[in-house]
Amino acid sequence: MSILGNAVVRREDPAFLTTGGDYVDDLDLPNAVHLTYVRSIAAHATITSIDTTEAKTAPGVVGVYTAADMADLGLAPNVLPVFPEEMRRPYVASDVVLYVGQPIVAVLAETRAQAVDAAELVFVDYDILPAVVDPEAAATDETVLFPDHGTNVINRMASESQADFTGCEVVVEERIVNQRLTAAPIEVRTGAAWWTDDGRLVHYSACQGGHPTRDLLATIFELETDQVRVVVPDVGGGFGAKSRTYPEELALGWYARALGRPVKWTETRTENVMAMPQGRGQIQYAKMGGTRDGLITAYQLDVFQDAGAYPIIGAVLAGMTQRMLTGTYEIRNVGFNATTVATNKVSTTAYRGAGRPEAAVAIERMIDRFADEIGLDPAEVRRKNLVPKFTEPYVTGIGTPYDVGDYPEALRLALEAVGYDTLLAVQARRRDGGDRSLLGIGIGVYVEITAGGPGSEFGSVEFGADGRLKVVS
């Protein structure tokens, strides 16, 4: 369905519903070997020894590699240059592991089953260290995960001003937890790589960005971008978690060069749930104040953002929460603070809105708390505080520009569509009769960023007479 309400036929569906898609793991690569990883069973530990003797002699094994073997590859590049250099992630762990599921040894064999069997023959000894799993505790630096950096704090953010609750007739506060979650795409992470005779790297990836992956690989292997060809066929879901290509996959070119053969890697579902970067991971301290007749006059949100063991996109998500702090509401007296920390968990990354749903959860929850405290209908409190209809750019209390909007009308239509007044009457009748089957009615108002950079950009594509897509501008 398009935004105009008319049906749109998706051109890709017939193939998906009949012959199926064309995925990375479907690649038939002659002479390819298969990769699996030995992963950490500890959240935080020193590696005291790695014994690969039996694995190297297992049936079908063609290569077993530890960090010592891969020293020339160095550390994976930071996703953003602002992240601390001391927190760069190794492709496989060497001295210390920082989360359950961190790769320690790469095992390659003629078949996937042989690689998995051989990985079971690798023995890793650990000296267990204190694990830091609570972002608030991580901020105290009682246990520092990166001694060379000296602190678990990756960054701090603060708005220019903080909310002033002086004069508020009512103030409500709450600690809100946006728990971590896994994207769980139908297709797990998977990749394949090989080198051509003229020294070019070909890399197939089930990712959400072929060009960023190409640029990363060019940096890692010291190539020009035109010496790297990245192919992204059909992708079985990503939801933001595949917006970056991770070190387990970025190292495929190294294995392919070491063995002189194509390399394929597809993680298991267990590995995906355990080791693929996750979403959310934000603890919020929210405070809202206003008048007893329902006008919100002050709002403060302070958050602890869990970035996980190594900073990637999750380490900047709090900035997106700040941008959407006030949602659809006209609140000028606002403030925001954030502390982003490293913990002994898999990294956090983008997932379905990435920082913006966290802002919506906070303000929508607090409006409900505020409405309950003053005894007014939560829909009425929302109506009273929504930004009025605007057709010219509007800047929120936290400084985020919006283009156009009519939030009061959108709320009216939504309440009308669900029969809100009828629901309220049914709720009251049931409660009066002692029936607790309808205890609450949830309302959520959400607005989203659809462009992240300065200025504006425009692109257009259309189908030509031959049925092929062509870029118009």
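**The open sheet and its helices**

In this predicted model, strand β14 (residues 296-308) and strand β15 (residues 334-342) run parallel and pair over 9 bridges.

Now the whole sheet. It is open and has 5 strands, in the order β7-β15-β14-β13-β8. The pairing is mixed. β7 (153-158) and β8 (170-178) are the edge strands. Each has a single partner strand, so one side of each has no neighbour in the sheet. From one strand to the next, the twist averages 10 degrees.

A helix packs on this sheet. Helix α10 (residues 356-374) touches β8, β13 (282-290) and β14. The direction of α10 makes about 145 degrees with that of β8.

The crossing of α10 and α11 is right-handed. On the α10 side, the contact is made by E364, I367, D368, F370, A371 and I374. On the α11 side, P378, V381 and R382 make the contact.

In α3 (residues 112-119), A115, A118 and A119 are buried. Seen down the axis of α3, the buried residues fall within an arc of 100 degrees, so they line one face of the helix. These buried residues pack against β1 (33-39), α2 (53-56), β3 (61-65) and β5 (103-109).

Methods:
Residues are numbered from 1 along each chain as its sequence is written. This is a predicted model: local features need pLDDT of at least 70, side-chain atom pairs count only at pLDDT 80 or more; totals for chains, interfaces and linings use all residues. Side-chain values use heavy atoms; hydrogens and water are left out. Buried means under 20% relative accessible area, exposed over 50%, partly exposed in between (1.4 Å probe, protein chains only). Helices (H or I, at least four residues) and strands (E, at least two) are DSSP runs, numbered from the N terminus. The arc is that of the directions from the helix axis to the C-beta atoms. Contact means heavy atoms within 4.5 Å. Two strands pair if DSSP finds at least two bridges between them. Axes are lines fitted to C-alpha atoms, for helices over the stretch in contact, and angles run from 0 to 180 degrees between N-to-C directions. A crossing is left-handed if the near helix is turned anticlockwise from the far one by less than a right angle, and right-handed if clockwise.
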